[in-house]
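Please look through the structure shown here with an eye to its charged pairs, its packed helices and a few points of its backbone. The paragraphs after it take these topics in turn.

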Amino acid sequence: MSGTAAVGDTEGPKLWGGRFKKPLDPEMEKFNASIHYDKIMWSADIDGSIAYARALAKTGIITDKECDQLCLGLEQVRQEWMSDAFQIVPSDEDIHTANERRLTELVGDVGRKLHTGRSRNDQVATDTRLWLRERIMSLSVYLKECISAFVDQAKLNQSVMMPGYTHLQRAQPIRWSHWLLCYASMLKRDYERLEEVLKRTNVLPLGSGALAGNPFDIDREFIALQLNFHDISLNSLDGTSDRDFVSEFLFWSALTATHLSRMAEDLIIYSTKEFSFVTLADEYSTGSSLMPQKKNADSCELIRGRAGRLTGHLTGWLCTLKGLPLTYNKDLQEDKEPLFDSVETISSLIKISSGVIKTLTVHPDKMKAALSPEMLATDIAYYLVRKGVPFRDAHHVSGECVQLAESKNTELDKLTLADFTKISDKFSADVLQIFDYEKSMEQYNAKGGTGSKSILWQIGIMDQWLASV
């Protein structure tokens, strides 16, 4: 008997319908349903149900024969999803309802035993973790490939020099490899953070029931082993209501996208005619429907734009989560769409970023031409420090040199020895040897700097790390 059907419900039984006399209003039916987006978790839901059926058999709640029937039926449901033959019906509120409804159609009343002791509260928490765990593993691969692209380009461009910027003003000369390795370092941290998110995602909540736990002495460690979870949740209240792993993933996505957005902004600027430091490949550029000459860095602009979308997902979700009382509330259903979209969006951002960097054309002559003598003003201060002048005094003297050059409407390297010695008697003829960009960069060979030895050290560290993950 379908005793769970609400009175007047002609669209099929509800799992919760026994307590109700009237069916849902049609608008409420649509408002309440999540099947149109959570159906993406069909495989995770089947995996969780198979593991749970085996756990029920282990406790003796169902027989081994019934377990075999359930598992076989669930595999049939899987095949229907894989072949696009699965038919969603109006009463399928969510993926859990849909799969259980179809299972019962295939195997009969034994299908009605599958949910024994299980709630959709612990079921959806498990499905979401299973689904996300698989996507995190794929993202790790994409991210490693992206980091490798930056490191590979750094190896190829070690001799290329360019202006380094602060406040978007030319600051000091650096190597293009240094710029590339900067973003590789950011993304390395993102990779490491993603490993931490995976660790906390890979915890089993199944067996927590609706909130109070499972009354049939279910072996949760057995389920965890079946589903390759490394641990089980400690507390059933927390098990059903915990969405920290979703919040952490949304934060991770937003932060990783922020790093890629900063990279994209740099390349947008560097690819303009005003800079002409780089040219994006045709495969990652678009044109104008009106202006034939245009080559737009739309790949980078969309990376930058969609980073904002991911920040919005994180912010919106935290606003949903912050006021919820324990334990499960239907508000938690609102984690799915931002989570699913964040996975898809950050995946595309990482892949596109990899392609942009791999195919980027660098123009060393344009980068070198953008260097200017005033960028070596700090080197004048360092020159004086090496002659025993305290840095604060040396900084002031170097500033006077810059001011003198500006008053003469000339470049810093055009000042004469007499000009320098008029400002400080610490200057001698060798001050004129300061104005060498390669020499300037080579003084920064402390680990992490832009000197060639430091660049090689950074590349070596990144190579070792990439080989270890």
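A salt bridge is here a side-chain nitrogen of Lys or Arg within 4 Å of a carboxyl oxygen of Asp or Glu. Glu80, Asp92, Arg101, Arg102 and Glu105 are joined by such contacts into a network of salt bridges, and a search of the whole structure finds 31 salt bridges. The model is a predicted one, in which local features need pLDDT of at least 70 and side-chain atom pairs count only at pLDDT 80 or more, whereas totals for chains, interfaces and linings use all residues. Residues are numbered from 1 along each chain as its sequence is written, and side-chain values use heavy atoms, with hydrogens and water left out.

Side chains of opposite charge can pair when their charged atoms come close. In the pair formed by glutamate 27 and lysine 30, the closest N and O atoms are 3.2 Å apart. Because these two residues are three apart in helix H1 (residues 26-32), about one helical turn separates glutamate 27 from lysine 30; helices (H or I, at least four residues) and strands (E, at least two) are DSSP runs, numbered from the N terminus. Both glutamate 27 and lysine 30 are exposed, where exposed means over 50% relative accessible area, buried under 20%, and partly exposed in between, computed with a 1.4 Å probe on protein chains only.

Aspartate 242 forms a salt bridge with arginine 129, and here the closest N and O atoms are 2.7 Å apart. This pair links distant parts of the chain, since aspartate 242 sits in the loop between helix H9 (236-241) and helix H10 (244-270) while arginine 129 belongs to helix H6 (residues 120-156), 113 residues apart. Aspartate 242 has 15% relative accessibility and therefore counts as buried, and arginine 129, at 3%, counts as buried because of its value too. A further bridge runs from aspartate 335 to lysine 336, with the closest N and O atoms 2.6 Å apart. Aspartate 335 counts as buried because its relative accessibility is 0%, and lysine 336 is buried with a relative accessible area of 4%.

The next topic is helix packing. Two packed helices are described by the angle between their axes and the distance between the axes. Axes are lines fitted to C-alpha atoms, for helices over the stretch in contact, and angles run from 0 to 180 degrees between N-to-C directions. Helix H7 (residues 176-201) packs on helix H18 (residues 452-468) at an angle of about 30 degrees, with the axes 11 Å apart. H7 and H18 are therefore roughly parallel, a label for angles under 35 degrees, with those over 145 counted as roughly antiparallel, 65 to 115 as roughly perpendicular and the rest as oblique. Contact (heavy atoms within 4.5 Å) is made by Ser177, His178, Leu181, Ala184, Lys188, Tyr191 and Glu192 in H7 with Ile455, Gln458, Ile459, Met462 and Trp465 in H18.

H6 also meets H18: the axes of H6 and H18 come within 11 Å and cross at roughly 150 degrees. That angle is why H6 is described as roughly antiparallel to H18. On the H6 side the contact involves Lys144, Ile147, Ser148, Val151, Ala154 and Lys155, and on the H18 side Ile459, Met462, Asp463, Trp465 and Leu466.

What remains is a set of loop positions. Glycine 207 lies in the loop between strand E3 (203-204) and helix H8 (220-226) and is buried, with a relative accessible area of 6%. Leaving aside neighbours within four places in sequence, glycine 207 is in contact with Asp122, Gly213, Asn214 and Arg220. The peptide bond from leucine 326 to threonine 327 is cis, with omega near 0 degrees, and threonine 327 is in the loop between helix H11 (298-321) and helix H12 (336-359). Aspartate 84, although not a glycine, has a positive phi of about 60 degrees; aspartate 84 lies in the loop between helix H4 (64-82) and helix H5 (95-107) and is exposed, with a relative accessible area of 69%. Asparagine 409 likewise has a positive phi, near 55 degrees, and is exposed at 73% relative accessible area, in the loop between helix H15 (391-407) and helix H16 (417-423).
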